[in-house]
Amino acid sequence: MTDNVSMTELQLATRNHGMPVEALHYPITPVGLHYLLIHYDIPVIDPAIWRLRLDGLVRKPIQYSLEELRRLSSTTRAVTMECAGNGRALLEPRPASQPWLLEAVGTGEWTGVPLATVLSEAGVAYGAVDVVFTGADRGIEGGTEQNYQRSLPAQQAMSTDAILAYELNGQPLPVQHGFPLRLVVPGWYGMTNVKWLNRITVLSEQFTGYQNEVAYRFRQDASETGEPVSRMVPRSLLIPPGIPDFFSRVRTLRAGICEVVGRAWSGFAPVVAIEVSVDGGRNWHEAELDESGTELGRWQRWHFVWNAMPGTYQLCCRATDGAGYRQPVTPEWNLGGYANNAVQQVPVTVTE
């Protein structure tokens, strides 16, 4: 990077936090280590009076209390969630926003009501185009005062395996993760998973809210309409071997056999291949996937046995998914810094 992090970016960075990459050891990320991004302020919600409203183009508008939702048939699913801006700070020039490196990810075990269940109870009417999800958090973005809102195409919302989650890792949903209710959509970037959810509205036309039509779009300059950000592109991260320097985080490793371990995921199809490089991406070696055919949108563990000889190395790993997408060695720039899935680079010094 050629410029320093601004005070406004630093302010964002102190409000939000990423998952330390060594936490990839855990198949389910401990709640306190799961990445967190909060657009506005954390709203204060009294669960006794909170209600989820379903309205718009439905046959029967419904309101649910938290207890009423809990009495419906529930499901539990492990879902990997990644911020669309993960890797943004590694772009040049760096887009000005939350300065993520590679740590904006985590896998939680989410429990709640299938979205399809409540949409079925309300009865989505003929002509539905989009389903809008509104959170209780409110702020100003792009000069517009707004509640945080995102939408899904109606057909996608009715057929998806999305969850209206009220628990994370077997405990009530933490306040910072959207208590009392949040949307969880497997395979989609984190901006889709609306926190502090209090309203679901079915529309007969395309939703034109800020977070859909202005933010979270791939564009090269502000004049472009751009394409919407949606599913997670494949990414693999390795647990840096050895021990770190406190300030630089550069690793030092003793020579010998080293098992390099990591996790990989994609929102398009399960990962089918992992490759590892020790020379910055010039030469690649096949790693072994420990899990295959997992649920879409959940990370998979892999490992690679490396005979580390004294010297300096640049470790990389890259994933290929079943849809044919593979991580690039160099990033592709866009204005918002979204979906930068260029391979991780881990400098390692191997000593005697």
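Is Arg 199 buried, partly exposed or exposed? At 29% relative accessibility, Arg 199 counts as partly exposed, because that class covers the range between under 20% (buried) and over 50% (exposed). The model discussed here is a predicted one.

Arg 199 forms a salt bridge with Asp 55, and the closest N and O atoms are 2.9 Å apart. Asp 55 belongs to strand β1 (residues 52-56) and Arg 199 to strand β10 (residues 197-203), so this contact ties together parts that are 144 residues apart in sequence. Asp 55 is buried, with a relative accessible area of 16%.

The count of salt bridges comes to ten. Side chains of opposite charge can pair when their charged atoms come close. Another of these bridges joins Arg 94 to Glu 9, at 2.7 Å from N to O. Arg 94 sits in the loop between β3 (75-82) and β4 (105-114), while Glu 9 is in helix α1 (residues 7-15), so the bridge connects parts that are 85 residues apart in sequence. Both Arg 94 and Glu 9 are buried. The side chains of Glu 145 and Arg 138 also meet in a salt bridge, with 3.0 Å between N and O. Here Glu 145 counts as exposed, at 52% relative accessibility, and Arg 138 as partly exposed, at 44%.

Glu 275, Arg 318 and Arg 326 are linked in a network of salt bridges. Arg 318 has a further contact: its charged end sits over the ring of Trp 284, 4.1 Å from the ring centre.

Tyr 35 is buried at 6% relative accessibility, and Trp 100 is buried at 1%. Trp 265 and Trp 299 form a tilted pair, with 6.1 Å from centre to centre and 55° between the planes. Trp 265 is in strand β16 and Trp 299 in the loop between β19 and β20, 34 residues apart. Trp 265 is buried at 0% relative accessibility, and Trp 299 is buried at 2%.

Four strands form an open sheet in the order β13-β16-β20-β19, with antiparallel pairing. Its edge strands, β13 (235-238) and β19, each pair on one side only. Nine bridges join β16 (residues 256-265) to β20 (residues 300-308), and two join β19 (residues 288-289) to β20. His 303 in β20 stands opposite Val 261 and is also the bridge partner of Glu 288.

Helix α3 (residues 115-122) has its buried residues on one side. Leu 115, Val 118, Leu 119 and Ala 122 are buried. These residues cover an arc of only 100° around the axis, which puts them on the same side of α3. An α-helix has 3.6 residues a turn, so residues three or four places apart point the same way. After α3 comes Gly 123, with a positive phi near 80°.

How values were computed. Residues are numbered from 1 along each chain as its sequence is written. This is a predicted model: local features need pLDDT of at least 70, side-chain atom pairs count only at pLDDT 80 or more; totals for chains, interfaces and linings use all residues. Side-chain values use heavy atoms; hydrogens and water are left out. A salt bridge is a side-chain nitrogen of Lys or Arg within 4 Å of a carboxyl oxygen of Asp or Glu. Buried means under 20% relative accessible area, exposed over 50%, partly exposed in between (1.4 Å probe, protein chains only). Two strands pair if DSSP finds at least two bridges between them. The arc is that of the directions from the helix axis to the C-beta atoms. Rings of Phe, Tyr and Trp (its six-membered ring) pair if their centres lie within 6.5 Å; planes under 30 degrees apart count as stacked, over 60 as edge-to-face and the rest as tilted. A charge sits over a ring if NZ of Lys or CZ of Arg is within 6 Å of the ring centre and within 35 degrees of the ring normal.
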